[in-house]
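This briefing goes through one protein model, topic by topic. Please keep the sequence and the 3D view open while reading.

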Amino acid sequence: MSDLVTFGETMLRLSPPGQERIERATELEFRAAGAESNVAVNAGRLGVEATWLSKLPESPLGRKVTATVESQGADADVVWSEEGRQGTYYLEQASKPRPTNVVYDRANAAVTTATADELPTERIERADCFYTSGITPALSDTLEGTTADLLELAQDAGTTTVFDVNYRSKLWTPAEARPVLESLFPAIDVLVTAERDARAVLGLEGDAERIARDLADEWGFETVVVTRGAAGALALHAGDVTEQPAIEADTYDAVGTGDAFVGGFLTRRLQGDGVPAALEYAAAVASLKRTIPGDTALVTPDEVEAVLEKTDDGIAR
Ligand SMILES: O=C(O)C(=O)C[C@H](O)[C@H](O)CO
């Protein structure tokens, strides 16, 4: 039995070293990355039994993805496919004023044909928590249906459903995304959204607390977490609002910060903490992630505690 099961696409992540431009690069770092496997890995490293579900091509590229996920701390339970591609993205890291840029090459990925029937859904039904994100229904009409099916069967089984809006403008427009996301909301217990996505995609207004209250009132979420980048995060749970400042980090690689935050938050919720303590832990995991290359927070629980206790003077000797 897993405490946490996630479902979604994991791509190969190819990035020039440092901040080199893609068009001039002569070498690429070769990693695997995807929001839902990131969350599983992050929680798995911190003591949760975490399993990532997906569908991958039966090829060395697909096996590279499962090997990466499994070597980092989560279990991978994958449907192997004779058809469909391994999605890839190219990541060009940058610093201000140049934005970090992502170029997707993920059309016709094997996962875009995944249906609930072929996935090990009993693992979701037996789990404490099921997580997926708004990236998944954006990938194909089939995955839009599968996302709905998985959230509903999880909810019917009493598994807590957690969903991060994770809007990706290179996959769909706000006008396309909003009705699909809202059709999923009735089956979601815990909603995570960036404040900017709540405004731009869900059409909400006001400050983060107003946004959280409007979402909870309209859709009946048990918990709403609004992430605000450098301004931290705010959660609304059982009518109570908690604000959590971001913990400062010298950023080396910001990709995956949101997934580190969710992984940390779910770890502590699954381990029995209340929302305020889980939010603080999430902020610490997210800040650590920003110091580490790759999409995941490869940290230990002790390292997170050291950030929370501010016991680290910057040199471990
Ligand atoms: O954009 C996506 O679909 C990804 O999953 C790629 C990134 O690695 C992920 O978003 C980081 O959260």
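What radius of gyration would a compact globule with 317 residues have, and what does the chain have? A compact globule with 317 residues would have a radius of gyration near 20 Å, and the chain, at 18 Å, agrees with that. The model is predicted, and the values below are computed from it.

**Overall build**

- The chain holds 11 helices and 13 strands.
- Its C-alpha trace spans about 50 × 50 × 40 Å along the principal axes.
- Buried residues make up 53% of the 317 in the chain.
- Of the contacts between residues at least 6 apart in sequence, 69% join residues at least 24 apart.
- The accessible surface of the chain is about 13,900 Å², and carbon and sulfur atoms account for 46% of that surface.

**Helix α1 and what follows**

- The buried residues of α1 include Glu36, Ser37, Asn38 and Asn42.
- Ala35, Val39, Ala40, Val41, Ala43 and Gly44 are also among the buried residues of α1.
- Gly47 follows α1 and has a positive phi, near 110°.

**Salt bridges**

- How many salt bridges does a search of the whole structure find? The search finds 21.
- One of them pairs Asp253 with Arg13, with the closest N and O atoms 2.7 Å apart. This pair links distant parts of the chain, 240 residues apart: Asp253 sits in the loop between β13 and α9 (257-270), and Arg13 sits in strand β2 (residues 11-15).
- Are Asp253 and Arg13 buried or exposed? Both Asp253 and Arg13 are buried.
- Arg13 and Asp253 also belong to a network of salt bridges that takes in Lys289 and Asp295.
- Arg268 and Glu305 meet through their side chains in a salt bridge, at 2.9 Å from N to O. Here too the pair links distant parts of the chain, with Arg268 in helix α9 and Glu305 in helix α11 (residues 301-309), 37 residues apart.
- Glu305 counts as partly exposed because its relative accessibility is 25%.
- Another salt bridge joins Arg31 and Glu29, whose closest N and O atoms are 3.3 Å apart.
- Arg31 is partly exposed, at 27% relative accessibility, and Glu29 is partly exposed as well, with a relative accessible area of 29%.

**Backbone features in loops**

- Which two residues does a cis peptide bond join? The bond joins Lys96 and Pro97, with omega about 5°.
- Pro97 is in the loop that runs between β6 (88-92) and β7 (101-105).
- Asn108 has a positive phi, near 60°, although this residue is not glycine. Its place is the loop between β7 and α3 (121-126).
- Why does Asn108 count as exposed? Its relative accessibility is 60%, and the cut-off for exposed is over 50%.
- Ala238 is another residue other than glycine with a positive phi, in this case near 50°. The loop that holds Ala238 lies between β12 (233-237) and β13 (240-244).
- Ala238 is exposed because its relative accessible area, 66%, is over the 50% cut-off.

**Strand β10 and a distance across the chain**

- Ala194 is part of strand β10 (residues 190-194).
- Is Ala194 buried or exposed? With a relative accessible area of 12%, Ala194 is buried, since buried means under 20%.
- From Ala194 to Glu303, the C-alpha to C-alpha distance is 26 Å, and the two residues are 109 apart in sequence.

Key
Residues are numbered from 1 along each chain as its sequence is written. This is a predicted model: local features need pLDDT of at least 70, side-chain atom pairs count only at pLDDT 80 or more; totals for chains, interfaces and linings use all residues. Side-chain values use heavy atoms; hydrogens and water are left out. Helices (H or I, at least four residues) and strands (E, at least two) are DSSP runs, numbered from the N terminus. Buried means under 20% relative accessible area, exposed over 50%, partly exposed in between (1.4 Å probe, protein chains only). The radius of gyration is taken over C-alpha atoms; the globule rule is 2.2 Å times the number of residues to the power 0.38. Contact means heavy atoms within 4.5 Å. Accessible areas come from the Shrake-Rupley method with a 1.4 Å probe; for residues, only the protein chains shown count as cover. A salt bridge is a side-chain nitrogen of Lys or Arg within 4 Å of a carboxyl oxygen of Asp or Glu.
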